[in-house]
Structure formats: structure tokens, C-alpha cells
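Me: I am new to this structure and should like to learn how to read it. Please take me through its features one at a time.

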Amino acid sequence: MPLIVAILVLVGSFGLLLNNSLSHATRSVETQSPEKHYVERHVLREALQAAVVNTAIEGGARHVQMDFPEYGLRVHVLSRPENMTVQPYTLVRLWATARPLSAVEYGFATNNNLSATAQYDVITRLMSTVRFIEKQRS
Amino acid sequence: MSLVQVAIALALMAAFGSLTELIIRNRLEPAQLARDRAFIGFVERFEDDASQIAGENAANPNFTASSLAGTYALAPESDATVTVEFEGCTDSRSLLQANVLSESDANALEQESTVQTPAEAVAVNQGQVGGILLNEVYAQRLGNEPTLFTYRLSGTRSTRSHISYIIGEQTQCR
């Protein structure tokens with residue numbers, strides 16, 4: 001009789017242990033995704049700010065990238081002139097998007113649907129706010 | 001002690017142990033989550049405010065970058081604090097590198113960026129595919145020698161510290 005009780009209690013505790021690790025696994029995934037989304041926004045913003053400063057100092061480059069190893073992300077920043085119908089001269093349009101730094105290593109997985117833009121006016125030295133664009137997938 | 005008694009004791013300990021851990025985690029995790037979210041919100045608020053202040057003071061010789069450092073409340077009406085340390089200025093050239101993309105990948109990115117030109121889309125009503133559409137406003141005027149103020153934001157337990165780059169003037173880098 002005591003042996004049966006012992007086996008029953010042990011089997012019950014297995015269920016609890018299993019439930020414990022399962023709930024932890026799902027919670028980890030659930031809690032990480034919003035954080036990753038915000039991290040992606042931050043790195044895009046920071047890369048764009050660096051690119052704008054670089055443009056102001058030395059004219060900038062058409063394609064640059066900035067690595068964020070602590071977040072496992074690499075941000076590609078593209079710039080090109082943009083015509084505005086309301087202005088007689090062109091602006092510098094900067095566009096950035098993030099990609100995982102390494103596809104093999106488990107770390108940060110982007111959805112690859114977030115990009116950010118900013119513009120820089122070379123004449124007035126004004127930079128616009130960084131704006132985020134989420135691509136709608138159908 | 002018989003083997004049966006040892007087995008019962010073991011089973012009870014395992015049951016209590018896992019149950020206790022589950023209860024503790026259930027209690028603590030929402031609080032930790034809330035702190036993480038608050039920290040993310042703080043980073044965003046700090047960057048917005050610091051960019052605005054640095055932009056407004058671009059021509060002010062008395063403004064210093066280190067004046068933005070200090071201890072801030074994690075959120076309004078929160079007891080938790082975030083420490084902001086000024087870590088000098090970072091040259092943008094040391095952060096950016098040349099792209100190492102293959103030509104096809106670079107072209108794909110170029111293509112993607114071309115269809116997302118919001119300002120032009122507002123002006124001529126075309127060229128926008130997906131995403132949001134807003135009028136873009138200027139926010140910050142860059143000084144004569146722009147550089148990046150570097151701040152380390154660290155605060156709540158378990159969230160890593162975050163480095164913020166704010167556009168500022170080289171002469172205010174102290």
C-alpha cells in the first residue's frame with residue numbers, strides 16, 4: 001500500500017515538473033517578442049542618427065551598415081537624393097532596415113517587416129524625425 | 001528507513017519543490033515583465049527628450065552633454081530608477097561600415113527602399129506601397145560639428161543596459 005502511494009505521488013509530481021517547464025518555455029517566447037520588436041526600433045533609430053551625422057560631416061555613403069552584436073542585429077542604411085515637389089533642391093533620404101547578424105546562431109530573429117526612414121536637408125541642416133514603417137503582409 | 005519511505009519523501013519533495021517554483025514564477029513574472037516594458041518605454045522617452053534638448057541647444061555654448069546624465073525615475077510615479085551615464089562622444093565613422101551585401105541583396109534592399117518614399121508619396125500621391133503615410137516634420141537642427149553623445153542607460157534588474165546615441169555638438173562634448 002505505501003509503495004502504491006509513493007508511486008502515485010511521484011507520477012503526480014512529474015506532471016507538475018512538466019507543466020512547470022512547459023509554461024516557462026511558452027512564457028519566454030511570449031515575453032521576448034515584444035521586447036525584440038522594440039529593440040529593433042531602437043537599433044534602426046540609432047543607425048539612422050549615426051548615418052545622418054556621417055552625412056553632415058563627410059557627405060555620407062550610399063550603402064552603409066552598422067552592427068549591434070549585443071542584440072545580434074545588423075542594420076543596413078541606404079541613402080539617396082529625393083526630389084520634393086515643394087522644394088527647389090533635393091533632400092537626402094535615409095532608409096534603414098535590420099537583418100540578423102548571423103543566420104546560424106540562435107539569437108535575434110527579425111520579422112524583416114520593419115524599416116525606418118528619415119530625411120536630411122543639406123542646406124538647412126535639418127533632420128526629420130525617424131519614422132518607422134511596418135510592411136503589411138497579406 | 002525503508003525504501004518505500006525514501007520514495008515517499010522524494011516524491012513529496014519533488015511535488016512541493018516544483019509547485020513552489022511554479023507559484024513563485026507565476027507571481028514574479030508579471031512584475032518582471034512590467035519592469036522590462038517600463039525600461040523600454042524609458043529608453044524611448046529618454047531618446048526623444050534628449051534629442052529635443054540637444055537640438056534646441058545646438059547653438060548654446062553653455063550646454064554640456066553631461067548635463068543630461070543623472071538618475072531618472074523609471075516611469076512617472078515609479079520608485080525604481082534608471083541611471084544615465086555620459087560616456088563621451090562617438091564618431092559616427094567608427095560605427096558605420098561599408099556594406100558587405102551581395103549585389104542581388106543590395107539591389108533588393110534598394111528596390112524595397114524605393115517603394116517606401118513617404119515624403120514623395122505625400123507630395124505627388126504615388127510611390128507608396130504598404131506601410132503608413134504621414135507628413136514628415138523636421139525635428140532637429142544639426143550644428144556645425146555634429147557628433148553622437150553616448151549614454152549608457154542602466155537600471156532595472158535583469159534588463160541589460162542600453163546605449164543611446166544622441167545627435168549633438170562636438171563643442172558640447174563634456
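Me: How many residues does the contact take from chain A and from chain B?

Reply: Two residues are in contact if their C-beta atoms, placed from the backbone, lie within 7 Å. Here the contact takes 56 residues from chain A and 53 residues from chain B. Please note that this is a predicted model, in which local features need pLDDT of at least 70 and side-chain atom pairs count only at pLDDT 80 or more, while totals for chains, interfaces and linings use all residues. Residues are numbered from 1 along each chain as its sequence is written, and chains are lettered from A and ligands numbered from 1 in the order in which they are written.

Me: What scores does the model have?

Reply: The model scores ipTM 0.75 and pTM 0.77. For single residues one reads pLDDT, the predictor's confidence in each residue, from 0 to 100. Where pLDDT is low, the predicted coordinates should not be read in detail. Chain B averages a pLDDT of 80, and 84% of its residues score at least 70.

Me: Which element gives the most to the side of chain A that touches chain B?

Reply: Helices (H or I, at least four residues) and strands (E, at least two) are DSSP runs, numbered from the N terminus. On the side of chain A that touches chain B, H1(A) gives the most, with 28 residues. The residues of that side divide into 25 nonpolar, 21 polar and 10 charged. In this division Ala, Val, Leu, Ile, Met, Phe, Trp, Tyr, Cys and Pro count as nonpolar, Asp, Glu, Lys and Arg as charged, and the others, Gly among them, as polar.

Me: In which sense do E1(A) and strand E3 of chain B pair?

Reply: Strands of a sheet pair through backbone hydrogen bonds, either parallel or antiparallel. Two strands pair if DSSP finds at least two bridges between them. E1(A) and strand E3 (residues 97-98) of chain B pair in the antiparallel sense over 2 bridges, and A:Val64 stands opposite B:Ala98.

Me: What is the order of the strands in the open sheet of chain B?

Reply: This sheet of 4 strands has the order E1-E2-E5-E6, with antiparallel pairing. Its edge strands, each pairing on one side only, are E1 (70-73) and E6 (162-169). Between E2 (residues 81-90) and E5 (residues 146-154) there are 6 bridges; B:Cys89 stands opposite B:Phe149, and B:Thr90 opposite B:Leu148. E5(B) and E6(B) pair over 8 bridges, and B:Pro146 has B:Glu169 as its bridge partner.

Me: Which helix lies across E2, E5 and E6 of chain B?

Reply: Angles run from 0 to 180 degrees between N-to-C directions, and axes are lines fitted to C-alpha atoms, for helices over the stretch in contact. Helix H1 (residues 3-56) of chain B lies across these strands, running at about 10° to E6(B).

Me: Why is A:Val77 counted as buried?

Reply: A residue is buried if 20 or more other C-beta atoms lie within 10 Å of its own, exposed if 12 or fewer, and partly exposed in between, with C-beta atoms placed from the backbone. A:Val77 is buried because 29 other C-beta atoms lie within 10 Å. This residue lies in strand E2 of chain A. Leaving aside neighbours within four places in sequence, its contacts include A:Ala47, A:Met66 and A:Leu94.

Me: Which residues have the most contacts inside the largest nonpolar core?

Reply: A nonpolar core is a set of buried Ala, Val, Leu, Ile, Met, Phe, Trp, Tyr and Cys residues joined through C-beta atoms within 7 Å. The largest has 50 residues, and those with the most contacts inside it are A:Ala47, A:Leu48, A:Val52, A:Val75, A:Val77 and A:Leu94. H1(A) supplies the largest share of this core, 10 residues.
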